[in-house]
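Welcome! Here is a short tour for anyone meeting this structure for the first time. Take a look at the picture, then read on.

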Amino acid sequence: MSVPESTNDLEQFLTNVSQLRYREVMMVAATLAVIVASIVFFPGLEHIGKGVQSDLSVELLALFVGVAIVAGVVKGMIGFGYSLITTPIFASVIDPTFAVVVLAIPPWMLNMYQVGETDTGREFVREEWPLLALAVVGSVIGVAALAAFSAGPIVPFVIGLVILGYVAFQVVQNFVTVEEAHHPIALGSAGFLEGFLLAIANLGPLLPAYFHTFERDTERYIGGLSMVLGTIFTVRIIQMTLFTDLMTTYRLWLGSVIAVVTIVGLLVGTYLRRLEIDEQRFNWFVVGLLFIISLNIFRNTVPALFF
C-alpha cells in the first residue's frame, strides 16, 4: 500500500526543518513567532478589551476574525492585499492609529512565510537591494511621522485615488504588460513610497501595482514583493517598539492573535494559487479586488473629509 502524497510532503517538510533549510525554517519561524507572542503577551481575560478605543462586541470581534481570514486568502493567492482589505475596515471601527499599529503584525508574519514558501527571497535581495534600502528609509520616515501625528483620513483617501487610477489604467489598456522591464529609478521611487505609506497608513498599493505591471514571473513576483514588505514591516515593528510608544505589549499581543487566525486564510490562498489559473482571469481578479478596496477606502474617508 502506497504512502499518501500529503504524508510524504509532511515528512519531507519536517526533514528539511531539522536540516535547517532556509525555505522551511522561514515558514516555521514566522508562524511560531506570532503563536508564541499571542501566548506570552496574553493580558488575561479581564484585560482583553483594554486599550481598544471602541465598544467591541462579540459579533464585531467575529467580523474582524472573518475579515482577517479572507484577507489571508487573498494574500496567499496574489501576494498582496491583506492590509488593503483589513486596515480600512478595522480603522472604521477603532482608532485609526491603533489599527495601523496592531495590523503591522499579521502582514509581517504573512510576508515572512511567503518569502520562504516561494523560495525566491535570497535571489531577490541580491538583485534588488537598492529597492529594499529605499523601502526601509521610507518606512523609518513614515513611522516617525505616525508617532508625531495621528493617522487621519487624507492619506488613505489619496491611496484610494492611486488604486482607482491604476485600475482604470489597466482596464483601458487591456492589462498592459511589459516583459522583463526594469526601471531602477521608478522601482526605487515605488519602494520608498511603499515604505512610507505602509508605515503611516498601513496601506501601500504602489509597489504591488508596479510589480503587477512589470513582473510576469508569479513566484518571483510574490516572493520578491513579500521580501520587500516583510523587510518594511520588520523595521516598522522594531522602530515602533524600541523608539516610540506606539507598540505596547497589548498591541503586540492583539496583532499576534489576529495573525494566528490569519494563518488559516493564508494556507487556503496558497493552495488556490497552486491550481492552474488563467492569467486573464487572474488579472481581472486583481483589478476587481483593487477596485472594491478603493471603494471601501472612499466609503470610510470621504464623509470625514468632505461632510
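## A buried serine

Ser-256 is buried, as its relative accessible area is 1%. Bear in mind as you explore that this is a predicted model. You can find Ser-256 in helix α12, which covers residues 249-274.

Which residues does Ser-256 touch, once neighbours within four places in sequence are left aside? They are Val-34, Ala-37, Ser-38 and Ile-105.

## A nonpolar patch on the surface

Now turn to the outside. Leu-32, Ile-35, Val-36, Ile-39, Val-40 and Phe-41 form a nonpolar patch on the surface. Together, these residues have about 520 Å² of accessible area.

Leu-32, one of the patch residues, sits in helix α2, which runs over residues 22-40.

## The chain as a whole

The protein chain has 13 helices and zero strands, so reading along the sequence gives one α after another: α-α-α-α-α-α-α-α-α-α-α-α-α.

The protein chain has 307 residues, and 50% of them are buried. Its accessible surface comes to about 14500 Å², with 68% belonging to carbon and sulfur atoms.

Conventions:
Residues numbered from 1 in each chain as written. Predicted model: local features only at pLDDT ≥ 70, side-chain atom pairs only at ≥ 80, totals over all residues. Heavy atoms only, no water. Patch = residues over 30% accessible without salt bridge, like charges linked within 9 Å, V, L, I, M, F, W, Y side chains within 5 Å. Areas by Shrake-Rupley, 256 points an atom, 1.4 Å probe, with all protein chains shown as cover. Salt bridge = Lys/Arg side-chain N within 4 Å of Asp/Glu carboxyl O. Helix = DSSP H or I, 4+ residues; strand = E, 2+ residues; numbered from the N terminus. Buried < 20%, exposed > 50% of the residue type's maximum accessible area, 1.4 Å probe, protein only. Contact = heavy atoms within 4.5 Å.
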